[in-house]
Amino acid sequence: MSVRELVVLGTASQVPTRHRNHNGYLLRWDGEGILFDPGEGTQRQMLRAGVAAHDLHRICVTHFHGDHSLGLAGVIQRINLDRVPHEISAHYPLSGQRFFDRLRYATAYRETVHLTEAPVAADGNLAVTPSYTLEARRLSHPVESYGYRLTEPDGRRMLPDRLAAHGITGPDVGRIQREGRLGDVTLDDVSETRHGQRFAFVMDTRLCDGVHALAEGCDLLVIESTFLDEDIELAVDHGHLTAGQAAGVARDAGVRHLVLTHFSQRYLDPGEFERQARAAGFEGELTVAHDLQRVPLPKRR
């Protein structure tokens, strides 16, 4: 059975706290695992969350600030130590190639795994698979930063009442799905579009076109909300979002499930992020993330 869920490994911005590890997020998408922004301590958080090195197929880094990338060294060495049998692709801003190189070869180890470097230099698609298209969009932060989005191809949903009305049963159902027509009956006559699921990962950024493009129509949006609304000037100065801004993006984009994360250590009440998100008018499902949490993707529409 396919599994699509977000495993939250860490939720702190800048520095870890007693209760929040540096960033780290694993998206399980059917048989693949995509690791986003492995900050310091990610390898240990994977152990605590029951995530193995063999679960990883892609690593996506938004930018090269330490709370989003210092865990790369340990994760890369772990996948080599465990001799992961499949290829792993790594995506990150091309402008940070020197940082990736330093982290990949931070210490001596034996390379046993095919790690493909596929850096991001501009907006566009990074990978197209039968299960999803992975794309990147430029964000607005003091260093070059990209957000990521997965889009599942649209499919078809067969409609039993229409099939029955046209007398189509048994093997003929599969035939019309494959061939698109059965006599005078077309596939459109007995089915409707089933929209593919959409997931987006938006970290350190001010409001910009890339944020809105990534969030549009998402079933699950993971987005930073480093600051509360009363500190909006700090957010703009440092290239971040507030809880209200993040929720406003989700509201306007028609997001179904919003996950707020990347919290400044200055705030002691996580509930205030939810209150400000609701005050901004977001009415969908809302999660204020905490470490080691699992968030399933919403069921298809």
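How many bridges join strand β16 to β17, and in which sense do the two run? I looked this up and found four bridges between β16 (residues 257-261) and β17, which run parallel.

**Entry 1: ground rules.** I am working with a predicted model, where local features need pLDDT of at least 70 and side-chain atom pairs count only at pLDDT 80 or more, while totals for chains, interfaces and linings use all residues. Residues are numbered from 1 along each chain as its sequence is written, and side-chain values use heavy atoms, with hydrogens and water left out.

**Entry 2: the whole chain.** I noted 11 helices and 18 strands in the chain. Helices (H or I, at least four residues) and strands (E, at least two) are DSSP runs, numbered from the N terminus. The radius of gyration, taken over C-alpha atoms, is 21 Å, close to the 19 Å of the globule rule for 301 residues, so the chain is as compact as a globular protein of that length. That rule is 2.2 Å times the number of residues to the power 0.38. Along the principal axes, the C-alpha atoms fill a box of roughly 65 × 50 × 35 Å. I also read that 53% of the 301 residues count as buried; buried means under 20% relative accessible area, exposed over 50%, and partly exposed in between, with a 1.4 Å probe and protein chains only.

**Entry 3: the sheet with β16 and β17.** Back to my opening pair. Seven strands form an open sheet in the order β7-β8-β9-β14-β15-β16-β17, with mixed pairing. Two strands pair if DSSP finds at least two bridges between them. At the edges stand β7 (124-128) and β17 (285-288), each with a single partner strand, so one side of each has no neighbour in the sheet. From one strand to the next, the twist averages 15°.

Entry 4: I picked Q276, which is found in helix α11. Is Q276 buried or exposed? Its relative accessibility is 9%, so Q276 counts as buried. Not counting residues up to four places away in sequence, Q276 touches L228, D229, E230, A243 and G244; contact means heavy atoms within 4.5 Å. The C-alpha atoms of Q276 and A243 are separated by 6.1 Å, although the two residues are 33 apart along the chain.

**Entry 5: strand β14.** Five of the five residues of β14 (residues 198-202) are buried, so the strand is largely enclosed by the rest of the structure. On one side I found R198, A200 and V202, and on the other F199 and F201. Strand β9 (residues 146-151) pairs with β14 in the antiparallel sense over four bridges, and R149 stands opposite A200. Strand β15 (residues 220-224) is joined to β14 by four bridges and runs parallel to β14; there, L221 is the bridge partner of A200.

**Entry 6: the other seven-strand sheet.** An open sheet with mixed pairing has the order β6-β5-β4-β3-β2-β1-β18. Its edge strands are β6 (115-117) and β18 (294-296), each pairing on one side only. The twist averages 20° from one strand to the next. Six bridges join β1 (residues 4-10) to β2 (residues 24-29), which run antiparallel, and L6 stands opposite L27. Helix α1 (residues 42-49) lies across β1, β2, β3 (32-36) and β18, at about 130° to β1.

**Entry 7: aromatic rings.** Rings of Phe, Tyr and Trp (its six-membered ring) pair if their centres lie within 6.5 Å; planes under 30 degrees apart count as stacked, over 60 as edge-to-face and the rest as tilted. I get 10 aromatic pairs by this rule. One of them, F64 with F99, is tilted, with 5.9 Å centre to centre and 40° between the planes. F64 lies in the loop between β4 (58-60) and α2 (66-69) and F99 in helix α4 (residues 97-104), so this pair ties together parts that are 35 residues apart in sequence. Y92 and F100 form a stacked pair, 4.1 Å centre to centre with 10° between the planes, and both residues are buried. I also noted one aromatic cluster, formed by Y25, F36, Y148, F199 and F201.

Note on methods: Axes are lines fitted to C-alpha atoms, for helices over the stretch in contact, and angles run from 0 to 180 degrees between N-to-C directions.
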